[in-house]
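Could you walk me through this structure, one region at a time?

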Amino acid sequence: MGYTLNFAAVWRDIDLLFMGLGLSLVLAAASIAIGCLIGLATAFVLISKQRAGRSLAAGYVTAIRNTPILVLILFTYFALPQLGLRLGKIESFVFTLSIYAGAYLAEVFRGALLSVPKGLREAGLAIGLSEWQIKSSIIIPVMLRNVLPSLSSTFISLFKDTSLAAAIAVPELTFYARKINNESFRVIETWLIASLFYVVTCTILAMLLRVVEKRMAIPR
Amino acid sequence: MPHLLEIRDLHKSFGQTEVLKGVDCAMEQGDVVCVIGSSGSGKTTMLRCINMLEDFEGGTIAIDGQQIGYETQRSQRKRRREREIARQRALTGMVFQQFNLFPHMTALANITLGLIKVKKMRREEANATAERWLDRVGLLERKGRFPGQLSGGQQQRVAIARAIAMNPKLMLFDEVTSALDPELVNEVLQVIKDLARDGMTMLLVTHEMRFAYEVSKRVIFMNEGRIGEEGDPKQMFLKPKTERLAEFLKSSSFH
Ligand SMILES: Nc1ncnc2c1ncn2[C@@H]1O[C@H](COP(=O)(O)OP(=O)(O)OP(=O)(O)O)[C@@H](O)[C@H]1O
Ligand SMILES: [Mg+2]
């Protein structure tokens, strides 16, 4: 009756898992970078005085936040080509994850922008800076430093969400785990190791990001 | 020769409430003028109009003959373009009650930001200028500190250096010691006195009556959006002409 664990098959293909892990990290990194830009732009629209823009931005955030991410991934990959927008698997996934991250970060940034003291803007104006210079040199840097902990946890979430890319056969960590599983039939071993990859990576990421947070935090 | 600062019939409302009801005021180069008056009388608002942190609906403000914030075209009053206003704001330096230092930048970087972005100085030149002013306010050895690592008094001295390093024609101070613990007030007032002695033109809103008495060449008493009384400090504090000023002085800490 006993199931004897045998990791030999997984060991043999461990390099595939590392390759997959590499791609997962790249996907997450690209998505948080693009997502930050989308989120920032959306947040500025959300706090702007333009009604139409505000409704549009709010609509985007609501739509994305209320759609399961897997549906978004499948929609982008399968439905957009029908509408004439043809993207590769990886591009398609990064596109989706960025849009997804952008919607979440827009909310985070909106709140954080509102909590930057308005005296900083006035001090910038008083020395003759333009609105744009004030945003780029003062408001955004201060705001980003204040939301670093949220950014870290968003990044880790996105890294875990990259496993959903397996659904459209992007060769990331989960994709390779499933491949190894299918070829070796070592079900328990494969998924145990795959989980371990995620757990260890997330733990290391969290530690690294905490160091970055400390470094970048506004000194007091 | 135009006045260094000339305010004529300045009117400003917030919504339905008229806060400035026709203020006239002139200053010459090297003047040190203190503005006193009870809370809500419009002192801050007047200062903020001078560097266009507030728009205003009526009257004119000119610095060195240059009309601030608005221009008159075919007898139409028009707000100037943002770029032009930004350039005009650099004619004045402003120091705020709450310091408003950029918290993510060192004391030095707080000062060099404007020098580099607005004055287009090269970094070395900006650093040298900033260090000279930090030295003047006694904080050169703290140049690498962040605002959160400085005391209130030190922060305010950095803020003064930040404003004055831009080489403005006129310095505006809005109750710059009000947010400070009492034991930190003097170090800031001392810096301002030194600037006054060096001939800096300054317009200061203050609740420090003793300081106003000692430092200013002229005192303006604001009362309900108008200048209630104005004159040299000795006459103002010792022989107020108006009932309102006498009352105000009685209720304030001047003895
Ligand atoms: N942004 C604003 N919106 C609406 N009303 C304002 C605004 N700023 C100031 N006021 C009002 O304008 C009046 C003058 O305010 P101001 O701040 O100029 O007074 P002040 O003389 O500086 O008073 P204080 O000594 O308390 O600083 C007050 O009645 C105030 O409530
Ligand atoms: Mg005030």
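Here is a short tour, from a strand to an interface and then to some salt bridges and a helix residue.

Please keep in mind that this is a predicted model.

With strand 10 of chain B (residues 202-205) it pairs in the parallel sense, over 4 bridges. To find your way along that pairing, look for B:V32, which stands opposite B:M202. Strand 3 of chain B also pairs with strand 11 of chain B (residues 218-223), again in the parallel sense, and this pairing has 5 bridges. There, B:G37 has B:M222 as its bridge partner.

Now turn to where the chains meet. On the chain A side 19 residues are in contact with 25 residues of chain B. Together the two chains bury about 1900 Å², and 69% of that area is on carbon and sulfur atoms. Of the area that chain A buries against chain B, 29% comes from A:A126, A:I127 and A:P219, more than any other three residues supply.

Polar links across this interface can be listed as well. The rule finds 3 residue pairs in polar contact between chain A and chain B. On the side of chain A that touches chain B, helix 6 (118-126) and helix 7 (131-146) of chain A each supply at least two residues. Helix 6 of chain A gives the most, with 7 residues. By type, the residues on this side of chain A divide into 11 nonpolar, 5 polar and 3 charged.

The rule also finds 1 salt bridge across the interface. It joins B:R48 to A:E122, with the closest N and O atoms 2.8 Å apart. B:R48 forms a salt bridge within its own chain as well, to B:E54, where the closest N and O atoms are 3.1 Å apart. B:R48 is buried, with a relative accessible area of 14%, and B:E54 is buried too, at 16%.

Over all chains, the structure holds 23 salt bridges. In another of them, the side chains of B:D64 and B:K169 meet at 3.0 Å, N to O. B:D64 lies in the loop between strand 4 and strand 5 of chain B, and B:K169 in the loop between helix 5 and strand 9 of chain B, so the pair ties together parts that are 105 residues apart in sequence. B:D64 is partly exposed, at 36% relative accessibility, and B:K169 is partly exposed at 35%.

A salt bridge can also sit within one helix. B:R197 and B:D194 meet at 3.5 Å, N to O. Both lie in helix 6 of chain B (residues 182-197), 3 residues apart, about one turn of the helix. B:R197 is exposed, with a relative accessible area of 61%, while B:D194 counts as partly exposed at 25%. Elsewhere, salt bridges that share partners join A:E122, B:K12, B:R48 and B:E54 into one network.

To finish, visit A:T201 in helix 10 of chain A (residues 187-216). Is A:T201 buried or exposed? A:T201 is buried, because its relative accessible area is 10%, and buried means under 20%. A:L25 is 176 residues from A:T201 along the chain, yet their C-alpha atoms are separated by 9.3 Å.

Key. Residues numbered from 1 in each chain as written. Chains lettered and ligands numbered in written order. Predicted model: local features only at pLDDT ≥ 70, side-chain atom pairs only at ≥ 80, totals over all residues. Heavy atoms only, no water. Pairing = 2+ DSSP bridges. Contact = heavy atoms within 4.5 Å. Buried area = accessible area lost by both parts, 1.4 Å probe. Salt bridge = Lys/Arg side-chain N within 4 Å of Asp/Glu carboxyl O. Polar contact = N/O pair within 3.5 Å; in protein donor to acceptor, adjacent residues only side chain to side chain. Nonpolar A, V, L, I, M, F, W, Y, C, P; charged D, E, K, R; others polar. Buried < 20%, exposed > 50% of the residue type's maximum accessible area, 1.4 Å probe, protein only.
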